[in-house]
Structure formats: structure tokens, C-alpha cells
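Subject: Structure handover

Hi,

Here is the structure we talked about. Please open it and keep it beside you while you read.

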Amino acid sequence: AVTPITGVGFQPDFTWIKGRTLGASHQLTDSVRTAPKALKTNRTDAEDSEGVASFDSDGFTLQLWPNENGDSNTSGQDYVAWNWKGAEIPAINSNGSIPSVVSANPAAGFSIVSYTAGGTANVGHGLGSAPAVIITKNLDVAEQWFVYHKDVGTQKFLGLNTTSAPISNSGVYTSITDTTFTNLISSTSRNYINYCFAEVAGFSKFGSYTGNGTSQTIVTGFEPAFVMLKRTDVSGYSWAIADNKRTDGELLANVSDAERNENTPDFISNGFTMTTARYNDTGEEWIYMAFANQF
């Protein structure tokens with residue numbers, strides 16, 4: 001069945017879907033790779049061709065694919081979709097040592113960057129300011145996800161599909177500038193997609209905090225609509241996602257589990273508050289990504 005989803009408020013260039021009521025993979029589709037090519041944050045798989053069928057003026061269209069497995073369009077199941085807007089038409093970016101294809105929305109601090117690399121890749125990201133977060137995935141073969149976060153630092157990465165603590169690697173995210181980032185991941189020519197995020201006052205904030213064991217407010221300067229959290233001082237902690245369309249419903253980026261009824265952060269006018277020790281035990285180190293409802 002073909003299912004139009006409307007009410008997004010704009011034509012998205014990046015859509016991340018997760019089933020709430022069933023165990024199913026996360027599904028990520030973007031306009032640079034073109035629909036329906038999809039990736040799954042809970043798996044290392046190369047991209048498949050069973051994602052969002054099209055990006056539309058006020059949302060997107062889903063299709064029931066042969067290997068649907070509950071990922072986005074199974075009858076009777078509940079889903080959530082998070083959407084970002086890039087550029088209307090992707091462009092070639094020549095700021096780096098190799099060209100990249102970029103869909104950039106600098107005003108919203110978001111870009112999608114595609115490139116083919118063998119060895120060190122210095123590529124343009126189109127944001128005009130240094131990304132605070134970069135999420136990277138090989139499209140061609142099974143390989144883990146890589147995540148750069150400014151408060152983890154360069155030459156380190158987190159695995160979006162894992163519960164690992166930061167892993168040091170002298171070749172990854174070696175330089176992050178206002179125009180380019182440098183990465184050495186593959187020794188053979190492979191295709192990569194990167195989702196890049198820079199801070200925009202009043203819309204996005206990327207930071208870290210130390211748990212205090214009771215209650216703590218993280219000030220973002222706006223009321224969040226989406227927050228993703230990851231503990232970084234030890235391994236074994238998942239990437240927890242909360243949003244303003246679900247109440248105390250935790251989803252985990254690295255697993256296919258259905259929504260968990262957990263005490264997620266409370267979104268307030270200038271940030272988010274942990275009212276218990278969850279995500280906030282004394283001495284724990286956490287990073288976060290926070291976005292407002294719409295730029």
C-alpha cells in the first residue's frame with residue numbers, strides 16, 4: 001500500500017522513522033542518496049532500497065516493500081518520524097581535496113554530504129560554520145556507523161549502532177573547520193553519507209553535562225522537540241531518543257526495540273530537565289543533541 005504522510009510543514013530532505021509498537025529497524029532516507037534508498041542505525045548493513053518512497057511538499061510517501069519487516073508502514077502499528085530540511089537541489093562542493101555532493105541548509109545548521117573516498121577524505125560540508133556533530137555511514141558494505149561530537153573531540157568516534165564509549169582513532173575526524181572536515185575511514189574507494197549539524201541559536205544545541213544524581217536542567221535557549229542522549233565515560237549505554245510527540249517514551253537508536261515506557265527528560269521553555277537519576281546518575285558524563293520544533 002502507498003501511504004502519504006502529511007503535516008510535516010515542509011518538504012524534508014532527511015527522514016528518520018522508527019516503529020513505536022513493534023520491534024523494527026530504524027529507517028533513514030535522504031534526498032542526496034534519493035528515495036527509497038535507506039539505512040538502519042541499529043544495523044551495520046549497506047543501504048537498501050526500501051525506505052521512504054518520495055519526499056513531498058508537506059511530508060513524505062511510504063510504500064509497503066517486500067522486506068518491510070515493520071520498519072515504516074505495517075498496518076496497525078504506530079510510528080514516529082523526525083524530519084530535517086536541507087537544500088532544494090543538492091550541489092557539487094569543491095572546498096575539499098575531493099568533491100562532495102551537498103544538500104545544505106546553513107540557516108538551520110544542517111547538511112547532507114555524500115562522497116566517494118579511498119584513504120583520507122577532506123570534503124566540503126556547506127554549512128559555513130564548523131559542524132558540532134557528524135554522523136557517517138558507508139553505503140556499500142556492512143560497516144559500523146561513526147559519530148563525531150564536538151565534546152568528545154577529534155580523532156575519536158562513537159558508534160551509533162553500538163553502546164561503546166568513545167574510541168580513539170588517529171584517522172577519523174582529524175580536522176573540522178567552517179568549510180570542510182577530514183576523515184580517513186576506508187583504504188578502498190567507497191561511498192559515504194554524512195549528516196552534519198552546526199549549532200543555530202534558538203534551534204539546535206549540542207553539548208555535554210555531568211550527572212548529579214537528582215534533578216538537573218540543561219539550558220539550550222529554546223524548548224526542544226527532539227533530544228538524543230549518550231553516556232560517554234563508560235560503554236554499555238544506548239543512544240536514547242525523546243521527543244515532544246511522545247510522553248515518557250524512550251526509543252534507542254542502536255537497537256530495534258519497540259518504545260520503552262521510561263521517564264524521559266521533561267522539555268521546558270529553555271531546555272530539558274532530568275527529574276530523576278535516569279540519564280543523570282552522579283558523576284556520569286553525557287553528550288546530547290537537541291533541536292527545536294522547527295527552524
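This is a predicted model: local features need pLDDT of at least 70, side-chain atom pairs count only at pLDDT 80 or more; totals for chains, interfaces and linings use all residues.

Strands

Start with the open sheet of 3 strands. Its order is E3-E2-E6, and the pairing is antiparallel. Which strands sit at the edges? They are E3 (27–30) and E6 (79–84), and each of them pairs on one side only. On average, neighbouring strands in this sheet are turned by 15° against each other, direction ignored.

Now look at E2, which covers residues 14–19. E2 and E6 are joined in the antiparallel sense over 6 bridges. To find the pairing on screen, go to Ile17: Ala81 in E6 stands opposite. As background, strands of a sheet pair through backbone hydrogen bonds.

Next comes strand E1, residues 2–6. Is E1 largely in the open or buried? None of its 5 residues is buried, so E1 lies largely in the open. E1 still has a partner: 5 bridges join it to E5 (residues 59–63), and the two run antiparallel. Here Ile5 stands opposite Phe60 in E5.

Salt bridges

How many salt bridges does a search of the whole structure find? The number is 16. Here are some of them.

Take Lys150 and Asp151. Their side chains meet in a salt bridge, at 3.1 Å from N to O. Lys150 counts as partly exposed because its relative accessibility is 33%. Asp151 is partly exposed too, with a relative accessible area of 36%.

Then go to Arg278. It forms a salt bridge with Glu250, where the closest N and O atoms are 2.7 Å apart. This pair links distant parts of the chain, 28 residues apart. Glu250 is in strand E20 (residues 249–252), while Arg278 is in the loop between E23 (271–274) and E24 (285–292). Is Glu250 buried or exposed? With a relative accessible area of 2%, Glu250 is buried. Arg278 is partly exposed, at 30%.

Arg278 also forms a salt bridge with Glu262, and here the closest N and O atoms are 3.7 Å apart. Again the pair links distant parts of the chain, 16 residues apart. Glu262 is in the loop between E21 (260–261) and E22 (266–268). Glu262 is partly exposed, with a relative accessible area of 27%.

One last item is a network. Salt bridges that share partners join Arg20, Asp243, Arg246 and Glu259.

Best wishes

Key:
Residues are numbered from 1 along each chain as its sequence is written. Side-chain values use heavy atoms; hydrogens and water are left out. Two strands pair if DSSP finds at least two bridges between them. Helices (H or I, at least four residues) and strands (E, at least two) are DSSP runs, numbered from the N terminus. Axes are lines fitted to C-alpha atoms, for helices over the stretch in contact, and angles run from 0 to 180 degrees between N-to-C directions. Buried means under 20% relative accessible area, exposed over 50%, partly exposed in between (1.4 Å probe, protein chains only). A salt bridge is a side-chain nitrogen of Lys or Arg within 4 Å of a carboxyl oxygen of Asp or Glu.
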